[in-house]
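I opened the model to look up two things.

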Amino acid sequence: MTENILLKDNVAGIEGYFAGGGYKPLKKALGLKPADIIEEVKKSNLRGRGGAGFPAGLKWSFIPKDAQGERYLVCNADEGEPGTFKDRELMRRNPHAVIEGMAIAAYAIGSSHGYIYIRGEFAAEAEVLEAAIAAARSKGFIGKNILGSGFNFELFVHRGAGAYICGEETALLESLEGFKGQPRLKPPFPAIKGLFGRPTVMNNVETLAAVPAIIEKGGDWYAAIGSGKSAGTKLFCVSGAVKKPGVYELPLGVTFRDLLEKSCGGMKEGKILKAVIPGGSSTPVLTAEEAWGVKLDYESLAAAGSMLGSGGVIVIPEGECMVKLLQVLARFYHHESCGQCTPCREGCGWIEKLLNRLEEGRGSSADIDNIYAAGEAMMGRTICPLADAMAMPVMSFIKKFRPEFEAHARGETCAGRAAGK
């Protein structure tokens with residue numbers, strides 16, 4: 001098994017982080033050319049761990065080389081995806097890896113100011129980060145003339161107000177500027193016109209925390225971990241009917257079966273696997289049969305008809321009502337829609353209304369078709385992916401568990417509930 005890169009013990013404080021070799025990669029990076037750092041990250045095949053999976057080094061290279069004035073680096077710590085709690089764990093246990101990763105990334109893109117935009121509910125984690133930044137500043141790793149290199153980098157923690165939509169990068173930038181958190185039209189992309197109208201790079205907590213190890217051991221070393229284009233380790237957060245729910249750091253490409261049986265201790269006593277949401281609530285559901293054989297990496301899950309997403313693995317046992325679960329998800333996405341785009345604003349509300357009708361025994365078979373059609377009509381037709389995040393679970397739940405929806409339409413007890421009696 002690959003040694004943990006991110007979730008290490010006794011590194012929350014700066015002395016413990018030092019003892020494990022912390023901040024040596026930053027010193028090494030400051031002796032390199034910024035372009036060489038970007039190339040090393042490209043070579044590593046590190047992909048964004050927030051959900052999209054876009055190559056981090058390539059994203060850094062989009063900053064115009066001739067851009068005059070300030071450039072910004074933003075860490076997206078607004079972890080709002082249901083079923084996802086990895087970044088929260090990482091910030092608590094290894095905050096200096098995030099800070100060091102940001103300092104290296106800032107040097108690589110030519111930024112002197114960085115922001116960690118953290119979910120408002122994460123009060124304890126925000127305090128941990130503030131303390132860690134203060135400790136790093138006291139040792140000369142943040143601030144002016146870092147390690148005598150002439151490089152200046154100031155880092156600030158900014159707490160959001162707990163809006164799911166602010167996990168989308170341009171809505172986050174709007175919120176960080178003090179405006180309502182609503183996504184922006186693209187182009188221009190943040191690399192050209194981002195925070196305060198300046199070139200900006202935004203990465204997820206887990207992505208940035210992996211950077212120090214890449215600089216220390218090299219891009220080729222990191223690329224050799226995992227599965228092909230899905231390189232490195234991944235934090236999987238497992239919830240649901242398992243014996244040992246929690247956050248597990250494993251190489252990308254690990255099978256779902258190994259994650260469930262070896263890391264999580266298997267299903268809870270008396271529970272049988274029914275379905276799995278593999279990448280947070282917005283990713284298409286897999287049946288038990290589909291999930292058992294799948295590898296947890298970007299390409300394999302895409303081939304299986306789902307997504308790696310944030311790595312939030314939600315394990316659903318027999319006996320759970322899929323109509324009820326989808327109703328809960330629809331209520332969440334309807335509530336969190338910013339309302340800017342008509343397909344999302346109206347579609348999320350309409351889907352929730354029809355699911356309420358089915359769950360309460362007042363629906364019809366036509367309602368099922370209308371729910372599915374609404375999902376289809378929402379896909380790819382809005383400024384940001386929130387409408388898709390609603391549509392993908394809707395369409396997959398109905399495709400794979402339609403008999404339960406039909407049972408509700410007939411006013412019968414669904415197969416899921418019947419199995420739970």
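I searched the predicted model for cavities and found 1 of 30 Å³ or more. A cavity here is a set of points on a 1 Å grid over the protein atoms alone where a 1.4 Å probe fits but cannot get out. The largest cavity has a volume of about 70 Å³, a volume being the space filled by probe spheres set on points joined across faces, edges and corners.

I then listed its lining, meaning residues with an atom within 4 Å of a point. There are 13 such residues, and Ser-337, Cys-338, Cys-341, Cys-344 and Cys-384 are the closest to the centre. By class I noted 8 nonpolar, 4 polar and 1 charged residues; Ala, Val, Leu, Ile, Met, Phe, Trp, Tyr, Cys and Pro count as nonpolar, Asp, Glu, Lys and Arg as charged, and the others, Gly among them, as polar. Helices α16 (342-359) and α18 (386-409) each supply at least two lining residues.

Numbering runs from 1 along each chain as its sequence is written. Local features need pLDDT of at least 70, side-chain atom pairs 80 or more, while totals for chains, interfaces and linings use all residues, and side-chain values use heavy atoms, without hydrogens and water.

Next I traced an open sheet of 5 strands, ordered β8-β7-β11-β9-β10, with mixed pairing. β9 (residues 273-277) and β10 run antiparallel, joined by 2 bridges. Ala-275 stands opposite Thr-287 in β10.

Terms used
On a 1 Å grid over the protein atoms alone, a cavity is a set of points where a 1.4 Å probe fits but cannot get out, and a pocket is an open set with protein on both sides within 12 Å along at least five of seven lines; lining residues have an atom within 4 Å of a point. Helices (H or I, at least four residues) and strands (E, at least two) are DSSP runs, numbered from the N terminus. Two strands pair if DSSP finds at least two bridges between them.
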